[in-house]
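Me: I'd like to go through this protein and ask how we know what we say about it. Can you take me through it?

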Amino acid sequence: MESKTACKASFCAVLNVLRKYWYPVVICLIFSVGILSRLEGLLAREMWLDETFLVSNFKENSGVMWVFKPLQHNQIAPPIFLFCTKAVTLFFGENEFSFRLIPFIAGIFSIFVFYYLSKIVLKTKPAIILANFLFSVNFLLIRYASEFKQYGTDILIFMLVLIWLSKAPKLQNPDFKTILKYSLLFLILFLTSQPVIFLLFGFILYNALNCIKQNRTDFFGLFKIISVSFIPLIFIFVYKLAMPENMVYTMQNYWENQIPGFISFDNVKDVLFANYEFFTFGAEYMAFFVPFVLIGFFVFALKKTTLSKIFLFSLAGALLASILHLYPFVSRLILFLLPFEILFIAQCFDFKIAHKKMRIIFSSIVIILVMTTLLLFQAKIICKNRTKTLVGFNHSVYSKCYLKHSVATCLNVLS
């Protein structure tokens with residue numbers, strides 16, 4: 001009798017703890033699954049062909065200054081990303097772990113940064129839980145956290161810079177020191193992650209419109225705000241001119257014909273379809289959420305917060321760059337938008353319920369669904385082929401060869 005009473009008391013104590021701390025417990029479980037799935041992706045894979053072409057640049061160049069020059073084999077990657085990877089290889093040697101360490105670390109940090117971002121955008125706990133759940137188990141985010149390409153780091157840096165800009169003081173008649181500080185900082189950020197240039201566009205447009213709104217005749221103040229972009233744009237212009245003609249031609253042909261990424265009146269449907277295929281790859285359930293993405297986008301736009309305005313202006317800059325054939329608006333090159341796609345979905349469920357019982361019921365349904373799906377996901381009962389899909393990218397013969405030799409040597413060996 002006493003043992004039954006003790007068990008009942010213990011069970012009640014556990015329930016009381018869970019009732020009090022249910023939110024951090026659920027969030028920690030989501031984080032754990034997100035980290036484990038990314039670690040699993042890292043350990044399950046070998047390098048595939050696209051990665052090995054980037055690795056070959058480390059084999060064919062000595063020193064570190066080559067990271068600022070055009071890369072071989074039609075590869076493009078930010079110089080500071082390559083520089084940091086070079087530093088890692090000096091400590092741990094040139095192996096798959098070394099080349100994938102920075103994307104992996106970025107993938108782990110992205111989980112926590114996204115949580116912080118979701119708390120800024122969303123107001124209710126069920127919506128925040130749903131957003132972080134979708135972020136943690138998304139196949140593309142798992143994939144690029146274990147792939148030696150810059151797209152995983154693009155996600156982290158884009159979120160961090162947007163959060164910073166949303167909290168930064170407005171540029172009101174900036175002095176020369178402020179202009180130089182922002183210019184050099186954005187130049188460094190661009191050398192780390194190219195999509196930052198769209199945030200620069202959004203930040204300047206946001207501040208320029210504020211300047212016009214407050215003082216329509218302050219043209220000099222408007223010019224000083226725009227001048228923040230001069231140094232980064234000059235560098236980008238020189239960087240583009242330095243690219244070999246054959247690389248420019250190959251890239252233009254690839255993004256115009258093979259995978260349409262430059263938007264025009266004739267190929268809008270093709271670009272949309274290519275993006276739909278990419279963002280639902282390995283996560284077919286995301287097709288169900290497409291209507292929620294569209295609805296959530298308009299809700300997000302109507303908020304008119306500093307963060308939403310800068311993001312929308314940045315998105316407009318990315319679309320404009322695609323129309324002008326400067327940056328493809330498709331697939332992995334716009335992977336940095338995926339966290340916001342998830343936030344738009346969660347935005348549809350971000351409403352406060354006045355009735356206490358209804359609020360508890362709604363929260364309970366979300367928690368039960370998320371926790372059940374997390375368990376099924378971790379047990380590989382659902383999305384069970386995600387590891388096989390990652391392994392399917394392998395070209396182990398190529399990867400082992402490229403890690404030891406140059407491209408030319410490998411081609412001779414493999415032929």
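Me: What makes the nonpolar surface patch here, and how much area is it?

Reply: This is a predicted model, by the way. The most comes from α11, with 5 residues.

Me: Why is F230 called partly exposed?
Reply: F230 sits in helix α11. Its relative accessible area is 35%. Buried would need under 20%, and exposed would need over 50%. The value for F230 falls in between, so F230 is partly exposed. A residue also needs over 30% to be part of a patch, and F230 has 35%.

Me: What makes the patch of positive charge on the surface?
Reply: That one is a gathering of K170, K213, K304 and K309.

Me: How do you know whether K170 is buried, partly exposed or exposed?
Reply: First, find K170 in the loop between α7 (151-167) and α8 (176-192). Its relative accessibility is 43%. Since the buried cut-off is under 20% and the exposed one is over 50%, K170 counts as partly exposed.

Me: What about the whole chain: how much of it is buried?
Reply: Buried residues are 49% of the 415 in the protein chain. The chain has 20 helices and 0 strands. It exposes about 21100 Å², and carbon and sulfur atoms supply 70% of that.

Definitions and conventions. Residues numbered from 1 in each chain as written. Predicted model: local features only at pLDDT ≥ 70, side-chain atom pairs only at ≥ 80, totals over all residues. Heavy atoms only, no water. Helix = DSSP H or I, 4+ residues; strand = E, 2+ residues; numbered from the N terminus. Buried < 20%, exposed > 50% of the residue type's maximum accessible area, 1.4 Å probe, protein only. Areas by Shrake-Rupley, 256 points an atom, 1.4 Å probe, with all protein chains shown as cover. Patch = residues over 30% accessible without salt bridge, like charges linked within 9 Å, V, L, I, M, F, W, Y side chains within 5 Å. Salt bridge = Lys/Arg side-chain N within 4 Å of Asp/Glu carboxyl O. Lys, Arg positive; Asp, Glu negative; His and termini not counted. Charge placed at Lys NZ, Arg CZ, Asp CG, Glu CD.
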